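Here is a short note for a colleague who is meeting this structure for the first time. Please read the points with the model open beside you.

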Amino acid sequence: MTGGRWPRRSGWPVVPRLATPWQDTVSNERIGWRMRAANLRAHDPDDASVRDEFVFEVDYQICHRCRIGWVEQPHTLPAYRRRGLAAAGLAALRRENPGYAWHTLGGHIDGSPAFWDTIGADVPGGYRPRRVCEHVTAGG
């Protein structure tokens, strides 16, 4: 019994439908990791179509034994940057996993240290680089 938590062995991958504006799916880049995304419904006036567009996404991994979460490679589409989507997405992960320390693998920090300093203030772990524990994989 996983209590709705991923991963489950049978029927993999299990992608839960969240009752929030955020949706989870399997990471495209890291085996065994999840991707948290904000999906925006866009109306195209040129052809009257409706399409869904991921405007923010971040890969994440959680170890419930060690009570540590890692996030890696957050990305917001340029038209939606500086609107708080990344901060809100990371805050949602923290709310779902209270009492966890949050880190990154560190591969993306050099390009945006001010963001990580701001977002990591008062967060256990501060989104500072840390290797994954032995219970999870770095995701290739």
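1. Start with the second largest pocket. Strand E4 (68–76), H1 and H2 each supply at least two residues of its lining. H2 gives the largest share, five residues. Keep in mind that this is a predicted model.

2. How many residues line the second largest pocket, and which lie nearest its centre? The lining has 19 residues. Thr76, Arg81, Arg82, Ala86 and Phe115 lie nearest the centre. The space in this pocket is about 560 Å³.

3. Nine of its residues are nonpolar, seven are polar and three are charged.

4. Now step back to the fold. The chain has six strands and two helices. Along the sequence they run β-β-β-β-α-β-α-β. Please trace this order in the model before moving on to the cores.

5. The chain has 140 residues, and 36% of them are buried. Its accessible surface is about 8700 Å². Carbon and sulfur atoms account for 52% of that surface.

6. Look next at contacts along the chain. Take those between residues at least 6 apart in sequence: 53% of them join residues at least 24 apart.

7. The largest nonpolar core holds 18 residues. Val71, Leu90, Trp102 and Tyr127 touch the most other members. Strand E3 (49–63), helix H1 (85–96) and helix H2 (113–120) each bring at least two residues to this core. E3 gives the most, with five.

8. Where does Cys133 sit? Cys133 is in the segment after strand E6 (128–129). Is Cys133 buried or exposed? Cys133 counts as buried because its relative accessibility is 12%, and the cut-off for buried is under 20%.

9. Which residues does Cys133 touch, leaving aside neighbours within four places in sequence? They are Cys63, Cys66 and Trp70. Cys66 is 67 residues from Cys133 in sequence. In space, the two are 7.7 Å apart, C-alpha to C-alpha.

Key. Residues numbered from 1 in each chain as written. Predicted model: local features only at pLDDT ≥ 70, side-chain atom pairs only at ≥ 80, totals over all residues. Heavy atoms only, no water. Helix = DSSP H or I, 4+ residues; strand = E, 2+ residues; numbered from the N terminus. Buried < 20%, exposed > 50% of the residue type's maximum accessible area, 1.4 Å probe, protein only. Contact = heavy atoms within 4.5 Å. Areas by Shrake-Rupley, 256 points an atom, 1.4 Å probe, with all protein chains shown as cover. Core = buried A, V, L, I, M, F, W, Y, C linked by side-chain atoms within 4.5 Å. 1 Å grid on protein atoms, 1.4 Å probe; cavity = no way out; pocket = protein on both sides within 12 Å on 5 of 7 lines; lining within 4 Å. Points joined across faces, edges and corners; volume = space filled by probe spheres on them. Nonpolar A, V, L, I, M, F, W, Y, C, P; charged D, E, K, R; others polar.
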